[in-house]
Structure formats: structure tokens, C-alpha cells
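Open the structure in your viewer and keep the selection tool ready.

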Amino acid sequence: MKIKKFRIRPRLSSVGRILKSIMGVKHLPPEVEASLPGEIEDFLPRTMPTAFYQTWAREDMPAAFAETLKHAEASKAVAVSALVATIGAEPEDALSEFLLNGETQRSQVSSAICEESADLCLHFLMRLLADDAQTDDCEISEPISVTDSALLGTTLKLLEAEQEGVTFDSACHLAPRFTRVALVAWWPVARKKKSSQTSKKRSA
């Protein structure tokens, strides 16, 4: 499934938290904090949220995904989904422009907005996937971030991500920069509930 042109709204508190980490401070300068709402509004038109995913049943699951789920203690999953969410490449052009103009602080603010926006794209996709799983009487795991270069390359190739402008080159550079790639495991709801009830009986 592919979704384009959906709306995201960066959360002010999250942007502030990320910006503190980027700047290496515990408290933002008052003038920076006051500027955040306006900076968010100004930067949003530069983003182009795009998200897509594909799901494989256990018997069709790619070997690399099965191995990843095993290490994530999710080897009993009945299916796995691979997800990609991005805000597009244009924000990177803006960041480069800020740096070239010596606007380091504005670049940091924009980076925080981009990180939050990319996270929101993934969260949006997770909600859709949860609804999809529910129709099959399943529930899903938290996203398992794909960071290993080999797994990242395999995942993007299987999803034909290049057709959506998401690439991973030989230098292990993921583009666009603000892109999230993750795996999500599926389990039958009834099976988990039964397991929980059995545990309660044993404890009783």
C-alpha cells in the first residue's frame, strides 16, 4: 500500500525536545522557544509526506526478515510488514541553504522539525497498519527500526522504494535523509489473549 499527500502536524513539545538534544542544552533560549510555532508553520510546506508498506505471511516471509524477528523475540509472528515513511528531499535543500547563509541555529530548528515530521509519518502508517491487521483479527508489534545496512538494502529493494524516490547507495547513504524504515510483526489477537489467560490460571 502506498499513501501520498497526507497531512502531518509536528508537535511543539516534541520539536522542542529534539532541538534540545541537537543543541546539547537542557533548556532552549527563550527567543528560540518563542520562534518554534512560526518556524513549524513556515517549514511545513516544504515537506512531502509519503509512506508505503508491504506485508508477507509467515510462509512467504523473506529470510532476512525472519532472522530479524527472531533476534527481536518475535519469531512466532504469523506475518511481517516492511514500512517506509519519508517527508521527501526538499527539506534537505532548505537545511543546506540555511547553513550556506550561516544560519546555523535555524538549520538546527529545521532539523528538529524534520525529525519530528518523519516520526509522525511513521506513526501515521502504523495506525493504518493496525487497522489493516485488525480486519484479520491480528495485532501488531512496535516498529523494529531497520538500521543494518544489509537489511536496509534488502528491505528497500523488496519494496521497490526507488520508484518512490527512496534510495540506498553503495556508501550506505539513505536518501531522503529524513526517512524511517521499519519492520512490524503480526500476531493473532485470540492467541495472545489465550496465552494471557493461561498465565493467569497458572499464577492463581
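Select Leu 83. Leaving out residues up to four places away in sequence, Leu 83 touches Phe 52, Tyr 53, Leu 122, Leu 125, Met 126, Leu 129, Leu 159, Arg 180, Val 181, Ala 182 and Val 184. Contact here means heavy atoms within 4.5 Å.

This is a predicted model, where local features need pLDDT of at least 70, side-chain atom pairs count only at pLDDT 80 or more, and totals for chains, interfaces and linings use all residues. Residues are numbered from 1 along each chain as its sequence is written, and side-chain values use heavy atoms, with hydrogens and water left out.

Now widen the view to the core. The largest nonpolar core has 38 residues, and Phe 6, Leu 19 and Leu 83 have the most contacts inside it. A nonpolar core is a set of buried Ala, Val, Leu, Ile, Met, Phe, Trp, Tyr and Cys residues joined through side-chain atoms within 4.5 Å. Buried means under 20% relative accessible area, exposed over 50%, and partly exposed in between (1.4 Å probe, protein chains only). Colour the elements that give this core two or more residues: α1, α2, β2 (50–57), β3 (79–86), α4 (90–100), α5 and β8 (179–188). Helix α5 gives the largest share, 13 residues. Another core, of 23 residues, lies apart from this one; select Leu 69, Ala 77, Val 80 and Leu 174 among its members.

Next, go to α5 and pick Ser 117, which is found in that helix. Is Ser 117 buried or exposed? Ser 117 is buried, with a relative accessible area of 0%. Setting aside neighbours within four places in sequence, Ser 117 is in contact with Ile 8, Pro 10 and Ile 87.

Move to α1, residues 12–23. This helix has 12 residues and reaches 16 Å from first C-alpha to last, close to the 16 Å expected at 1.5 Å a residue. The expected span is 1.5 Å times one less than the number of residues. Show Ser 14, Val 15, Gly 16, Ile 18 and Leu 19, which are buried in α1. Their cover includes α2 (30–43) and α5 (104–135). Just after α1, find Gly 24, with a positive phi of about 70°.

Finally, zoom out. The chain has seven helices and eight strands. Helices (H or I, at least four residues) and strands (E, at least two) are DSSP runs, numbered from the N terminus. The C-alpha trace spans about 60 × 45 × 30 Å along its principal axes. Of the 204 residues, 43% count as buried.
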